Structures are given as C-alpha cells and as structure tokens.
Amino acid sequence: MRSTARGEGRRLAARHRNIELGLLVLAVAVCLAGHIDASLALRGSMPPGLLIHGLSLGALAVAAHLAVRRFAPYADPLILPIGVFLTGFGLVLLDRLDFSYKAAHAAKGDYQKLPAAPSQLMWVFISVAAAIALIVFVKHHRFFQRYVYLMMAGALILLTAPVFSPTDSFGAKRWIKLPGLPSFEPDEFVKVAITIFFAGYLMANRDALALAGRKVWGMTLPRGRHAGPVLAIWAVSLLVLIFERDLGTSLIFFGLFIVMLYVATERTSWVVLGVIMAVGGATVVGTLEPHVHGRVEAWLHPLDYYKPVHDPAISEQPAEALFSLGTGHMTGTGLGSGRPWLIGFAGRSDFIFTTIGEELGLAGVTAVLLVYVLLIQRGLRTAIGLTDPFGKLLATGLSAALALQIFVVVGGVSGLVPLTGKALPFLAAGGSSLLANWLMIALLIKLSDSSGRTAMEPAPPSPEPVLAQAGPADRSAATAPTAPGPGAGPGAGPGTGPGADPAAPSPTLGGLADPGAPTELRPAFGRTPATPQPGGPQPDGARPSYGYPPVADQPTHGYGLPPQSPFPPNPTGT
C-alpha cells in the first residue's frame, strides 16, 4: 500500500514538472511576442537579435527547470514560470525604453542615452545561475536555520554600510560603491537575510512573545521584556530612515517583522503596536528630515510643482507618473506607442510601472499585479503545507517581503503612499534587486519541494514497538497460559473456555505477544482500552484487566500511591 502511494506521488510530481515546462514555454513565447510588438511599433521591423535573445532566455528557463526536476521534484509548478515571465517582460520594457532614451538624449550626451537592457540581461544570467546553485547545493531549507544569527550580523553590516558612503544618489544613501566594481544595493540582500533571521528567532521565542500582558483600553499588550526585540527593530528602522533617508527599506524592514510576529504569535496587539510605532516614527522623521519631508510633500501635493512658487523639495515625477497612468486609459496605447520616456530614468527606477500603465492600460496593470499576487499566493500556500515552524515562518516572510515591496513601489507611483525609490521586483533595472529576488524564488522552490514531498509521499513506517523491560516473574506470567475467567463461556472462543487447550494460540493475538501490552513506545497509561472478549456480563465488583495484571496482584506504584485502574467500573457489562 505504501509503495503504491509513493508511486502515485511520484507520478503526480512528474506531472507537475511537465506542467511547469509547458508554462515556461508559454512565458518565453509571451515575452518574445512583446519584443516583436514593441519593435514593430518603434522601428517598423523585427527586433535585431531576436533569435539569440529567445534562445538565451529559453536556455536559462530549461536549465532552471532541469535543476528543479532533479533536485526539487515536488516543488510548486508555478513559481519558476512566474519568475521567468516577469524577468523576460522586464527585458521587453527596458529594451523599449532604451530605444526612446537613445533618440531623446543623444544630443544631450547624458547617461540616459546609455542602454540598460544589455546590463540587465547579464544580471539575468548571473541571477538564474545563483538560483540554480542554491537549488542544487542546499539540500533542505533547514540548512539556513543553523546560521540565523550569523546572517543577522551580516545583514546589519550591509544595512549600515551605505551610511559611510561619501555621496548619495537621488537624495538617498542606498548604494555601496567600491573602486573598480559596479555599485550594488545591499538592502535587497538584507531583505532575504533578515527574513531568515526573523524565522529562526520567532520560532525559538514565539511562546514567550505570545504570553499575555497587561490590558489597556480592552487590548492585551505584550509584556515589557518581550517588547524589547520590537523596540530594537523599530529603532534600527528609524536609524535607517534618518541616516540613509531610505523610506522604502525602513517600511519593508519594520513591516516584515510585524507580519511575521503576528503569524508566529497570532496576537493582534503586536500589529496595533507596530502600526502605532511606524506611524509615529515616520511622522517625526518626515517632519525633521528634509529629503523625507520633500517626498511627503510631493505625495500630498503632486501638482504643486507646476505653480510659479512651490516647495523646492517637490519633484515633477509624481505628477508626471499620474499623467502617464491617466494616458493609458483601459487598454493602453500599445507597446512602443506611448511616451513613458518623458519621465526621467523611468527604466532605472520604480517608474517603470508607469510604462505598463501607459502602454498596456488598466488591463495590463491588473494583469501584472495579478501575476505578482499569484506568486505571493503560492508562497503562502507553501507555508500552509509545511510542517516545521521554521519553514512556515520563512515562506510567510519571503511572501510578505515581496508583497510589501510591491505595495510601496506601486503605491508610490500611483500616489497611494509617498515615493520610496525602491525597484519594482524583476521588472526595473538593477542587478542587486534581480539577484536578490531570484534567490527568493530559489528559496520558495526549495520550501515548496518540502511541502509537496510531505503531501505526496506517504509517511515512513513507524518502528516496531519494543517490549518494555520486565522482570523474570513478569515474563513467566506473560508466557503462562491464562486461566479461564469467570466470564468465559461457550461463546468465548478457543483458548478461553474451560476445556480449551492452553497451548493453542489465541485467535485474537495470533500466537504473538499481546499488542495492547505496555511497550517503550506505547506506555500503559493513557491508552485506549482494548475491547473485552464477549462472554456474558461481568460479576459485581469485578473489572476486566484489559491486558493489565489483576488489581489484587498489583503492588503500590513507585510514587507511593495505592493502585487504581485507569478505567471506571462497568456495572452494566457493556
């Protein structure tokens, strides 16, 4: 039976891998169709290098699929195709923007004329290769559980490193620039490392954090000593906001901890406390820090930029983003037919979302957001299917980090929240962001493989029970024939009646030891009693032994208590 169930599980896993392969083919085909559509609108001809681009993207997708088929055969079949589709679609948008930027900025001679798609394609190869390496060499997701504090230390070092950078970029200190090396954004890797740390920390301390505290205004607040970690995380997020002027990282950093804390403890008071602390801290920093204050003013009054006299901290980009999104209407202008390049460095920032809204309209924006929601849903579904607390919290945290980043980017561009400057996952240009997001994809694949293995493979057989240690007298009593009880009768069966052969095996035990006897794996206390043998009503005051020695023969227990049967009297004989 177990081998049949295991074979069925493997057939289902192979079917999932075939579905994944078909979805990968569809994702690559849609991305190539987007390239052709944009090139026909911009150039009036097929895009140059289409065959090489298609073969490269297809080869990466197949390599990742083979790694998943071999080393994560029970993984979710949707996670990898969604990552490939979003990455390929991002290349479509960047190539389309590069063409317009080159034409518009050729005379100006600034950096905007430099193409971003070739560099992004190089980072696609690096990111997918890193994801494949993680899938191949990390045997199980609990490998990261050993290094949670080491990852936290590394994350804090990376998080604070931009503070010491002598220059900033676009008002925020978010990048590390080393001589002779390309700049990178450490907060993208901090997002992954700190999620692993939170999963390990909350798994070990969730019972203490879930203890009830004082009630204030009808709400149970945590105890002071248990609120220390939350206060520490809050302080670190404020320091990032003050010294690095990075609103997006601060919101993601603190929001991620609150979400995972609520999942681990199921206490609403943590969420309320976190929201109060986040709003209070953001209000103070937004009032005192000029760069953050300018972002808030541009959010509240985006069209004030066009007034003759306005706050110099307000930029034109929030208003331009609203104009671009409004131009798209329901179905958009079509790929290559809009003017999203009028927004400065749209392809290199969160404003690449306006390209989708203008050229694909509300329908395209909804479709892309639904793809993101589907990826987040698969991560949360993986968390539900996992059996270990660390894996549950890790899958939840990765999904929440992705959801928070999408929210702050899309909300900032559409005017829902202040601009943060974070990159839209998989779509915006940026090697650090793309590499970190593909590592998240690989982690979700490994987590879903463990979840799928639990669901599709039967549990291994439990070890055979070992008879408890017994003395010589007990062993002789166990092997001696049982005397016929007072309830034995003609209907009691062989081995139980008056004339029965004592050497004949019991029909219910098959000649073996009593399966209801106490063992090392099944102690005598707390077990369900076996059904007594039929044979008529029991005499008054008598109780069946159910495999125990008779009550009269039992000495006092080791605790000095009188012997008692764990079962109540049975005067009715039922």
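Trainee: Which helices do the buried residues of α11 pack against?
Mentor: In this predicted model, the buried residues of α11 include Q317, P318 and A319. A321, S324 and G328 are also on that list. Their packing partners are α10 (290-300), α12 (352-385) and α13 (389-414).

Trainee: How far apart are the end C-alpha atoms of α11, and what span should its twelve residues give?
Mentor: Helix α11 covers residues 317-328. At 1.5 Å a residue, its twelve residues should span 16 Å. That agrees with the separation of the end C-alpha atoms, which is 17 Å.

Trainee: Is T195 buried or exposed?
Mentor: T195 belongs to helix α6 (residues 186-209). Buried means under 20% relative accessible area. The relative accessibility of T195 is 0%, so T195 counts as buried.

Trainee: Which residues is T195 in contact with, leaving aside its neighbours within four places in sequence?
Mentor: Contact requires heavy atoms within 4.5 Å. With those sequence neighbours left out, the contacts of T195 are L256, M260, L394, G397, L398 and A401.

Trainee: Is L150 buried or exposed?
Mentor: L150 is in helix α5 (residues 148-160). Exposed means over 50% relative accessible area. L150 has 61% relative accessibility, so L150 counts as exposed.

Trainee: What is the area of the nonpolar surface patch made by F143, Y147 and L150?
Mentor: L150, at 61% relative accessibility, contributes to this patch together with F143 and Y147. The area of the patch is about 290 Å².

Methods: Residues are numbered from 1 along each chain as its sequence is written. This is a predicted model: local features need pLDDT of at least 70, side-chain atom pairs count only at pLDDT 80 or more; totals for chains, interfaces and linings use all residues. Side-chain values use heavy atoms; hydrogens and water are left out. Helices (H or I, at least four residues) and strands (E, at least two) are DSSP runs, numbered from the N terminus. The expected span of a helix is 1.5 Å times one less than its number of residues. Buried means under 20% relative accessible area, exposed over 50%, partly exposed in between (1.4 Å probe, protein chains only). Patches are made of residues with over 30% relative accessible area and no salt bridge: like charges are joined within 9 Å, nonpolar side chains (Val, Leu, Ile, Met, Phe, Trp, Tyr) within 5 Å. Accessible areas come from the Shrake-Rupley method with a 1.4 Å probe; for residues, only the protein chains shown count as cover. A salt bridge is a side-chain nitrogen of Lys or Arg within 4 Å of a carboxyl oxygen of Asp or Glu.
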